[in-house]
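Student: Hi! Could you walk me through this structure? I'm new to it and would like to ask questions as we go.

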Amino acid sequence: MAQNGTRATGPRCIALVGPFQSGKTTLLEAILARTGAIQRQGTVEAENTVGDASKEARHHKMSVELSIASTNFMGDTYTFVDCPGSVEFVHDMRAALPAVDAAVVVCELDEKKVPQLQLILRELEAQKVPRFLFLNKIDKADSTIHEALRLLQPASRGKLLLRQIPTFSGDIITGFVDLALERAFVYKEHAPSEVVPLEGDALDREKTARFSMLETLADHDDELMEQLLEDIQPPRDKVFDDLSKELREGLVCPVLLGSATRTNGVLRLMKALRHESPGIAETAKRLGVKGGQTVAYVLKTINSAHGGKMSAVRVLAGKIGDGANLMNADGQVGRVAAVFRLMGQQTEKRGAAEAGDTVALGKLEHAETGETLSDGQQPHPPVAKAVPHPPVLSIAVVAKERKDDVKLGQALGKLLEEDPSISVVHNAEAHEVVLWGQGEMQLRVATERLVERFGIPTTSHKPTVGYRETIKKGIVQRGRHKKQSGGHGQYGDVVLDIKPLPRGSGFNFSEEIKGGVVPRNYIPSVEEGVIEALKHGPLGFPVVDIAAKLIDGSYHTVDSSDMAFQLAGRLAIHEGLPQCQPVLLEPIYQVEIVCPSEATAKMNALMSGRRGQILGFDTREGWDGWDVVRVQMPESEIGDLIVEVRSATAGVGSFTFKFDHMAELMGRTAEQIVAARKSAAA
Ligand SMILES: Nc1nc2c(ncn2[C@@H]2O[C@H](COP(=O)(O)OP(=O)(O)O)[C@@H](O)[C@H]2O)c(=O)[nH]1
Ligand SMILES: [Mg+2]
């Protein structure tokens with residue numbers, strides 16, 4: 001066949017992406033079964049799929065990390081990367097995309113999933129990954145295919161190009177016509193579709209649909225345009241060449257139909273991948289791989305309970321065998337302990353991997369997800385950058401048993417290695433280990449892994465908010481520490497002029513001692529005492545924006561000491577502050593929410609319920625139909641904000657935030673916070 005002229009050869013790597021629950025894992029299962037890699041097609045419901053084989057994935061009946069499996073089809077190896085669809089796990093997909101030749105976007109005909117589809121397509125468009133759309137669950141679809149395209153098109157910048165149209169028996173889809181092949185098929189459950197004559201009504205519909213497919217292709221091919229205008233049937237090879245070329249350039253996104261559960265449309269999909277998707281040569285070019293050396297990209301890091309660290313890589317150039325030395329971006333060299341083939345959770349030792357292969361490499365200490373490895377004299381320039389989205393949700397985790405504290409730190413390090421979209425912040429003030437991530441499920445899965453893999457049971461709670469307090473008016477306060485106990489006594493006496501400072505000033509200590517009433521050498525001790533006292537103000541929080549000036553005092557030649565003056569300083573603060581109208585300060589953050597414009601009004605309502613103050617709305621640059629909402633809101637209200645933002649936006653809204661200022665808080669909310677602090681301290 002002439003399309004062999006452009007057909008890529010060698011091992012392929014294909015991402016399965018798409019909205020949550022669209023059937024990616026089921027499609028992977030169908031592909032593996034249809035191509036003979038597995039004997040029996042499992043189901044997500046029965047918890048026996050290759051893709052969702054990890055304990056956490058089974059438990060939640062959803063993919064919670066990407067999984068990799070390979071099969072052979074017509075003499076070539078195809079490795080599929082089944083990416084989780086949930087936005088919380090999107091980093092796995094983003095980090096894997098540079099490694100793939102093409103993506104199959106699995107989607108269903110559900111208007112509510114269109115925004116999610118758009119997010120995913122955006123990522124593919126940005127990374128210039130050629131993409132097919134696989135319209136799954138066609139067994140359930142009840143709208144017409146053209147309606148489907150009208151619904152889905154806004155999600156894609158590239159034109160959706162219908163490659164197949166369904167054929168019906170009554171209302172039920174029983175097969176399809178391939179518009180490029182001009183051949184009709186009827187679906188067989190769990191068996192290849194059968195070719196049937198293309199005739200009657202199906203033939204008419206085929207003619208119309210094919211013409212519109214050719215028109216779309218002709219947008220980027222003048223010769224084809226002329227042929228269409230002159231009513232000349234273009235040769236079939238030309239159509240295939242155009243399909244392939246325009247897919248690879250990302251100009252069009254071919255749409256195929258099928259049903260993963262029934263294994264319908266799976267062979268056609270494989271054939272489209274075989275003939276049209278690019279191979280490693282083009283992918284290496286897309287990534288700017290320099291020849292003459294071995295280059296590999298790390299798409300995922302796996303820390304199994306027993307097997308140690310493994311780095312899943314795509315070999316972009318050269319060859320990697322056991323014992324190969326690979327250099328990371330920082331010039332650190334690691335030795336490959338072994339090369340594995342991946343089949344979901346199963347690993348199997350294999351021989352050297354060649355350009356195009358997707359394999360796991362054992363024990364590469366310095367390799368990180370998203371990194372480019374090479375065997376040259378110098379590190380190879382990174383072929384891609386996978387910067388995680390900023391986190392939006394946090395929990396504080398505590399090991400149930402104190403003996404696990406050190407182990408917890410190490411285990412978290414390993415989890416972060418696997419999923420860099422989680423981060424850990426140590427809040428020294430509150431003695432908390434705070435886990436930041438992309439959503440509730442991601443953090444829950446992280447704590448489950450702590451138990452499952454590392455044997456560390458934990459509890460979690462809301463992280464402590466960084467409240468502070470200050471004073472509204474000043475006072476001149478004496479603090480005298482005096483103890484007469486038999487021989488040696490203790491004596492320190494100070495007078496402090498205490499004053500509020502403007503917001504953000506922190507703490508200031510000064511002195512105006514005349515005539516040595518407080519000897520020089522004791523003054524630093526007074527300051528120390530003051531600082532100590534300010535750690536817990538009258539409301540129970542650290543005191544800020546306050547000035548203390550030492551203006552007077554007295555001493556005793558025998559009984560005075562550093563300790564006595566420290567205590568005197570402390571006393572002055574403890575006795576003075578309650579009379580200075582102490583007031584609670586809460587951290588206010590600047591929050592930028594991005595959401596589809598339909599949801600912007602809902603954000604308004606959401607903000608008023610969370611003491612948020614809207615600063616302004618804008619259209620989101622480069623994102624048609626999206627808005628940016630800028631708000632200021634208290635830290636305490638940001639904690640679970642993402643949950644509501646997502647539920648108001650079909651899961652696609654998000655936000656970033658940064659500290660802005662501390663603001664006075666009074667009234668009932670303040671009283672509750674102070675009371676909660678008191679009872680926690682008691
Ligand atoms: N009716 C029907 N259901 C499907 C099809 N493909 C997948 N499903 C179901 O859709 C749900 C989600 O499938 P799953 O593969 O986990 O989706 P993923 O989140 O994209 O990996 C499961 O209940 C599947 O059984 C299909 O072609 N037809
Ligand atoms: Mg899945």
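Student: How do H11 and H12 lie to each other, roughly parallel, perpendicular or oblique?

Tutor: H11 and H12 are oblique to each other, because angles under 35 degrees count as roughly parallel, over 145 as roughly antiparallel, 65 to 115 as roughly perpendicular and the rest as oblique. Their axes cross at roughly 125° and come within 11 Å, with H12 covering residues 440-452. Axes here are lines fitted to C-alpha atoms, for helices over the stretch in contact, and angles run from 0 to 180 degrees between N-to-C directions. Helices (H or I, at least four residues) and strands (E, at least two) are DSSP runs, numbered from the N terminus.

Student: Is that crossing left-handed or right-handed?

Tutor: The crossing of H11 and H12 is right-handed. A crossing is left-handed if the near helix is turned anticlockwise from the far one by less than a right angle, and right-handed if clockwise.

Student: Which residues make the contact?

Tutor: H11 brings Leu408, Ala411, Leu412, Leu415 and Glu418, while H12 brings Ala446, Arg449 and Leu450. Contact means heavy atoms within 4.5 Å. By class, six of these residues are nonpolar, none is polar and two are charged. For those classes, Ala, Val, Leu, Ile, Met, Phe, Trp, Tyr, Cys and Pro count as nonpolar, Asp, Glu, Lys and Arg as charged, and the others, Gly among them, as polar.

Student: Let's stay with Leu412. Is it buried or exposed?

Tutor: Leu412, which sits in H11 (residues 405-418), is buried, with a relative accessible area of 5%. Buried means under 20% relative accessible area, exposed over 50%, partly exposed in between (1.4 Å probe, protein chains only). Setting aside neighbours within four places in sequence, Leu412 is in contact with Val424, Val433, Leu435 and Leu450.

Student: Before we move on, what kind of model is this?

Tutor: This is a predicted model, where local features need pLDDT of at least 70 and side-chain atom pairs count only at pLDDT 80 or more, while totals for chains, interfaces and linings use all residues. Residues are numbered from 1 along each chain as its sequence is written, chains are lettered from A and ligands numbered from 1 in the order in which they are written, and side-chain values use heavy atoms, with hydrogens and water left out.

Student: Good to know. How many helices and strands are there?

Tutor: The protein has 18 helices and 34 strands. Its C-alpha trace spans about 110 × 55 × 45 Å along the principal axes. Of its 682 residues, 54% count as buried. Among contacts between residues at least 6 apart in sequence, 73% join residues at least 24 apart.

Student: Now the magnesium ion. What are its protein donors?

Tutor: The protein donors of the magnesium ion (ligand 2) are Thr25, through OG1, and Ser63, through OG, lying 2.0 to 2.1 Å from it. Thr25 lies in helix H1 (residues 24-34) and Ser63 in the loop between helix H2 (55-60) and strand S2 (67-73), so the pair ties together parts that are 38 residues apart in sequence. Donors are N, O and S atoms within 2.8 Å of the metal (3.2 Å for Na, K and Ca); water is not among the atoms, so sites may look incomplete.

Student: Are those two buried or exposed?

Tutor: Thr25 is buried, with a relative accessible area of 6%, and Ser63 also counts as buried, at 10%.

Student: What about H6 and H8, how do they cross?

Tutor: The axes of H6 and helix H8 (residues 236-248) cross at roughly 55° and come within 10 Å, so the two are oblique to each other. H6 passes H8 in a left-handed crossing. Arg210, Met213, Leu214, Thr216 and Leu217 in H6 meet Val239, Asp242, Leu243 and Glu246 in H8. That contact has five nonpolar, one polar and three charged residues.

Student: And where is Gln21?

Tutor: Gln21 is in the loop between strand S1 (12-17) and H1. Phi of Gln21 is near 70°, a positive value in a residue other than glycine. Most residues other than glycine have a negative phi. Gln21 counts as partly exposed, at 48% relative accessibility.
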